[in-house]
Amino acid sequence: MKRSRNETILADEHPKQAQRLETLAAYDILDTEAESEFDDIVALASQICDVPVSLISLVDHDRQWFKARVGFDPEETTLAESVCSHAILEDDFLEISDMSADERTVDNPLHVAEDGVQFYAGMNIVAPNGLPIGTLCVLDDKPRELSDFQRQALGVLARQVMTQLELRKRLLEEEALRSEMDHRVRNSLQTIASVMRVAARSISDPEAVEVLELVERRLGAVASLHSELMGSEGKESVDTQPYLERVVKLLKDVAPDNVKIELQAVDAVVGARQASAIGMIVSEFVANSIKHAFPDGRDGTVEIALTQSEAAGWVLSCQDDGVGKQDDADAHAHADSGLGAMLMESAASQLDGQLEYEAVPQGTVLRVSFQ
C-alpha cells in the first residue's frame with residue numbers, strides 16, 4: 001500500500017493488473033448507459049443488507065466507475081476514494097465494519113467527509129478467467145456487520161452481475177458477427193449487380209438486356225430482404241416499412257431524374273416469403289413504369305402503398321401518373337408480356353393473391369390483396 005498526496009492510502013496494483021484491465025475492457029461496459037438488469041441487482045442488495053448505498057463498482061486503472069448505484073450520486077470516483085480497489089486484492093470478499101479503525105480507510109475522503117461512510121462490504125465480481133474486475137459493494141453511515149445470510153446473498157448477487165456481463169458480451173459479439181455477415185453478403189450481391197450492369201452495356205439483344213436488368217433488380221430486392229432479416233435477430237419475419245424503404249431507395253438510385261418514387265407503408269410485420277414477393281412486385285412495377293409510362297422524358301411519379309385492415313387484409317397498390325390508357329389496348333400491356341410480368345404473377349401467387357390492373361387516362365394502377 002502507498003499513500004497519496006493527501007495521505008490517503010492507495011491500494012497496491014493487482015498482481016495481474018494488465019491482464020485484469022484487459023479483461024475489464026473486453027466487456028465494453030465502462031461509461032455505458034444504465035440498464036435495468038444491473039439496477040435491479042443493486043436495489044436488491046441494498047434491501048437485503050439493509051443499507052442506504054449499494055454499488056456495482058468497476059475498478060479501472062485510474063478510477064472506479066459505477067455501472068449501477070443506489071443512494072450515491074457520483075458516477076465515478078478516483079482511486080484515492082476507492083475501497084473497492086482494496087477489495088479486489090482479497091480472495092473474494094472484504095468487510096470493514098468500522099472504517100475509522102482500518103488503516104486502509106481511516107483517511108479515505110468518503111469516510112472523513114461530513115456524514116461520511118462508516119461501513120463497507122464488497123464482494124468481488126470475478127470474470128471466468130479468475131480475475132476481479134470490480135465489486136458489488138454496500139455502504140452504511142454507521143459501523144455494523146453483515147449477517148452470514150447477507151454475505152451469502154451478496155455473493156449470489158455478485159455472481160449474477162458477472163452472468164449479466166457475460167450475457168451482454170456474448171450478445172454484442174453476436175451482433176458484431178451478424179453485422180459482418182450482413183456486410184459481406186451485401187457486398188457480394190452488389191458486386192454481382194455491378195457485373196450485370198457492365199454486361200448489359202455490351203449486349204445489343206433487347207431480350208438479353210431485359211433479363212440482366214431483371215436479375216439486377218431481383219438482387220437489389222434480395223439484398224434489402226437480407227438486411228432486414230439480419231436486423232430481426234434471426235426471426236423469419238420482416239418489418240414492412242423499413243424493408244420497403246430499402247427497396248424504394250434502390251429503385252430511386254437507378255430511376256431517371258424525371259421520375260419520382262413515393263412510398264406509404266404501414267409499420268407492421270410480414271413473413272420473409274411474403275416480403276420477398278412484395279419486393280418483387282414493387283421492383284417490377286416501378287421498372288415497367290419507368291420504361292413505358294413516361295416517354296420522351298415526361299415528368300411523373302410512381303406511388304407505392306401497403307395498407308392493412310381487418311376487413312380487406314393486406315393491400316399492395318402501385319400507381320403511376322404516366323400516359324395511361326391511350327386506346328382500347330389491354331391494361332396489362334403496361335406490365336409487359338415478358339419476364340417482369342411473369343415474375344409479378346408468380347409473386348402474387350406466393351401471396352395467395354391476384355394481380356388487378358387498371359389503366360386510366362391519369363396512369364396505371366396495380367393492386368394485390370392478400371391475407
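Reply: Helices and strands are taken here as DSSP runs, helices of at least four residues and strands of at least two, numbered from the N terminus. The model under discussion is predicted.

Me: In which loop does aspartate 28 lie?
Reply: By the DSSP runs, helix 1 covers 17-26 and helix 2 covers 36-49.

Me: What is the phi of aspartate 28, and is the residue buried or exposed?
Reply: Most residues other than glycine have a negative phi. Aspartate 28 counts as exposed because its relative accessibility is 52% and the cut-off is over 50%. Its phi is positive, although the residue is not a glycine, and lies near 50°.

Me: Where is aspartate 296, and what is its phi?
Reply: Aspartate 296 sits in the loop between helix 8 and strand 12. With a relative accessible area of 83%, aspartate 296 is exposed. Its phi is positive in a residue that is not a glycine, at about 55°.

Me: How many helices and strands does the chain have?
Reply: The chain has 371 residues, and 46% of them count as buried. Among contacts with a separation of 6 or more, 64% join residues 24 or more positions apart. The secondary structure comes to nine helices and 15 strands.

Me: Which residues are in contact with isoleucine 281, leaving aside its neighbours within four places in sequence?
Reply: Isoleucine 281 is among the residues with the most contacts inside the largest nonpolar core. Beyond its sequence neighbours, its contacts are Leu316, Met344, Ala347, Ala348, Leu351, Leu355, Leu366 and Val368.

Me: How many residues does the second, separate core have?
Reply: This core includes Ile56, Val138, Val161 and Leu165. The number of its residues is 29.

Me: Is glutamine 164 buried or exposed, and what does it contact?
Reply: Glutamine 164 lies in helix 5, residues 148-201. It is buried because its relative accessible area is 18%, and the cut-off is under 20%. Leaving aside neighbours within four places in sequence, glutamine 164 is in contact with Glu37, Phe38 and Ile41.

Me: Is glutamine 118 buried or exposed?
Reply: Glutamine 118 is found in the loop between helix 4 (109-112) and strand 7 (119-126). Leaving aside its neighbours within four places in sequence, its contacts include Ile96, Met99, His111, Asp140 and Pro143. At 19% relative accessibility, glutamine 118 counts as buried.

Me: How far apart in space are methionine 342 and glutamate 284?
Reply: Methionine 342 has its place in helix 9 and, at 55% relative accessibility, counts as exposed. Methionine 342 and glutamate 284 are 58 residues apart in sequence. In space, C-alpha to C-alpha, the two are 10.0 Å apart.

Me: What is the volume of the largest cavity?
Reply: The structure holds one cavity of 30 Å³ or more. Residues lining the largest cavity include Leu55, Gln64, Glu81, Met99, Tyr120 and Cys137. By class, the lining has nine nonpolar, two polar and one charged residues. The volume is about 80 Å³.

Me: Which residues lie nearest the centre of the second largest pocket?
Reply: This pocket holds about 260 Å³ of space. By class, its lining has seven nonpolar, four polar and five charged residues. Of the 16 lining residues, those nearest the centre are Ala11, Asp12, Glu13, His61 and Leu79.

Me: Over which residues is the pLDDT below 50?
Reply: The mean pLDDT of the chain is 83, and 78% of its residues reach 70 or more. Where pLDDT is low, the predicted coordinates should not be read in detail. That caution concerns a stretch which, beyond near neighbours in sequence, has 20 contacts in the model: residues 327-337.

Definitions and conventions:
Residues numbered from 1 in each chain as written. Predicted model: local features only at pLDDT ≥ 70, side-chain atom pairs only at ≥ 80, totals over all residues. Heavy atoms only, no water. 1 Å grid on protein atoms, 1.4 Å probe; cavity = no way out; pocket = protein on both sides within 12 Å on 5 of 7 lines; lining within 4 Å. Points joined across faces, edges and corners; volume = space filled by probe spheres on them. Nonpolar A, V, L, I, M, F, W, Y, C, P; charged D, E, K, R; others polar. Core = buried A, V, L, I, M, F, W, Y, C linked by side-chain atoms within 4.5 Å. Buried < 20%, exposed > 50% of the residue type's maximum accessible area, 1.4 Å probe, protein only. Contact = heavy atoms within 4.5 Å. pLDDT = per-residue confidence, 0-100.
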